[in-house]
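Subject: A structure for you to explore

Hi there,

I am passing on a structure for you to look through. Please open it next to this email and follow along.

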Amino acid sequence: MVQNTGAGRRRRYCSTACRRRAQRNRQVRKAPVVAMQGPVGAAVAAEVRRLAQQLLDSEMRQEELGTLLERAEAIRRELDIYTAAAVQDARHRGEKWESVARAAHVAPETARARWGPERVARMMDLHANEKRAAPARWRGLQTARPADGPEDTVGDLGGEVVSPASQLASALEQLQTASGLTIREVADSTMLSPSFISRVLSGDRLPTWDLTCSLAILFGADPAELRVLFEAAHGMTAHGRQPVAAAIAQLHAAVRGLYLAAKSPPAERIERLSAKTVSALQARRVLAGIDVPEWEVLAALVCALGGRPLDFKPLWEAVHYTFLMCDDPRLPEGRAHIFVPEEEP
C-alpha cells in the first residue's frame with residue numbers, strides 16, 4: 001500500500017509488524033543516534049548513592065512526608081536512568097541483545113525496544129533537561145588530577161570525586177542542616193516553594209548566584225565559600241587579577257566550601273586520604289586560612305575532599321602571581337606562611 005507523506009488521512013499498514021518497522025524507520029530519520037562517549041553507568045550509580053544518602057539524612061532529621069516522597073521519587077527516576085546506562089555500557093562492551101535480555105529477564109525484542117540507542121539517548125537528554133545540566137554522556141568519566149608535574153599521582157589518593165553541581169548541593173545541604181532550619185522555613189524566607197528548595201538542596205536544580213548568596217546568608221555562612229563550587233557547577237572558570245589579600249581569601253574560601261561539600265571530615269581523615277601528602281596540621285592551617293601551601297599539598301588536599309584540582313589551580317596561581325608582582329610583598333595580617341616556588345637555575 002502507498003503511504004501518504006503529508007497532512008490528511010492516517011497511514012494504514014498491512015500488519016502490526018509493518019507499522020512497527022515504519023515507526024522505527026521514521027524515528028531513525030528524525031533523531032540520528034549520537035554515540036556515547038565512554039561508559040556512564042558508574043556516574044549514574046554514584047548519583048543514586050548520593051540521592052539515597054540524602055533520603056537517609058532526611059529520615060534522620062524527620063523531615064515532612066512530602067520531602068521524603070520527593071527524594072524517593074528522585075531515586076526511582078535515577079534508577080531508571082541507571083538501568084538504561086548499564087545496558088548501553090554492556091552493549092558498548094560488545095554484549096548481544098540476547099545476553100542483555102537474559103540478564104533483564106525479558107525477551108530480546110523487548111530489550112531492544114526498551115533500551116535501544118535512540119530511546120536511551122532521548123531518556124538521558126530529557127533527564128538532563130530536568131536537572132538543568134549537561135547529559136552525562138557528553139562529559140564522560142574523568143578522574144580529577146592536577147594539570148602537570150609530579151603531582152599527577154595525587155588523583156588516586158582515595159577521595160571520592162563527584163560532579164561540581166553535586167558538591168554545590170552538598171555544601172548547601174550541610175549549611176541548611178547546621179542552621180537548624182527546615183525546608184519549609186527556608187522556602188518561606190526565600191519566597192520559593194518547598195519543592196524547589198528541596199530540589200536545589202538535592203542537586204536536581206542548579207541555583208542562580210543570587211539564590212546561592214541568599215541561602216548562604218540565611219544559613220549564616222559566607223557566600224564566598226561557595227563561589228568556586230558555583231562557578232564550577234555552571235562551567236565558569238574566569239578569575240581576574242586582584243590584591244594579595246583578596247586572592248588568598250578567595251583561595252581559602254574555596255577550600256572551605258569544598259570541605260563543607262565533603263561533609264567536613266576530620267583533619268586526620270584528610271591525612272589518610274591523601275596518603276600523608278597532607279598532614280593533619282597542614283589541613284587545619286589551610287582550612288583556618290593561615291597557610292597557602294605548595295601546589296602538591298593543595299592538590300592532594302583538594303583530591304582528598306573529592307574536588308578537582310584544576311578548579312583550584314587558577315586561584316593558587318593568582319595568589320603567587322599577585323604576591324610576586326605586588327609592590328609590598330609582605331604577607332597580609334594573620335597569614336603565617338605562603339609557599340613561593342624557587343626559580344629554576
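**What I found**

Ala-216 is buried, since its relative accessible area is 0% (buried means under 20% relative accessible area, exposed over 50%, partly exposed in between, with a 1.4 Å probe and protein chains only). Before going on, please note that this is a predicted model, in which local features need pLDDT of at least 70 and side-chain atom pairs count only at pLDDT 80 or more, while totals for chains, interfaces and linings use all residues. Residues are numbered from 1 along each chain as its sequence is written, and side-chain values use heavy atoms, with hydrogens and water left out.

Ala-216 sits in helix α11 (helices are DSSP runs of H or I with at least four residues, strands are runs of E with at least two, and both are numbered from the N terminus). Which residues does Ala-216 touch, leaving aside its neighbours within four places in sequence? They are Ala-221, Asp-222, Pro-223 and Leu-226, where contact means heavy atoms within 4.5 Å. From Ala-216 to Gln-176 the C-alpha to C-alpha distance is 8.7 Å, although they are 40 residues apart in sequence.

Next, look at helix α8, which holds Gln-167. Gln-167 is buried, with a relative accessible area of 7%, and a polar atom of its side chain lies 2.5 Å from the backbone oxygen of Gly-306.

How do α8 and α13 cross? Their axes come within 7 Å, at an angle of roughly 80° (axes are lines fitted to C-alpha atoms, for helices over the stretch in contact, and angles run from 0 to 180 degrees between N-to-C directions). The two helices are therefore roughly perpendicular, a label for angles of 65 to 115 degrees. On the α8 side, Gln-167, Ser-170, Ala-171, Gln-174 and Leu-175 make the contact, and on the α13 side Gly-257, Leu-258, Leu-260 and Ala-261 do.

Helix α15 covers residues 280-287, and its buried residues are Ala-280, Ala-283, Val-286 and Leu-287. Seen down the axis, these buried residues fall within an arc of 130°, so they line one face of α15; the arc is that of the directions from the helix axis to the C-beta atoms. Their cover includes α13, α14, β1 and α16. Just after α15, Gly-289 has a positive phi of about 80°.

Finally, α10 (residues 194-202) has Ile-197, Ser-198, Val-200, Leu-201 and Ser-202 as its buried residues. They pack against α2, α3, α8, α9 and α11.

Happy exploring!

Notes. A polar contact is a pair of N or O atoms within 3.5 Å; within protein, one must be able to donate a hydrogen and the other to accept it, and residues adjacent in sequence count only if both atoms are side-chain atoms. Angles under 35 degrees count as roughly parallel, over 145 as roughly antiparallel, 65 to 115 as roughly perpendicular and the rest as oblique.
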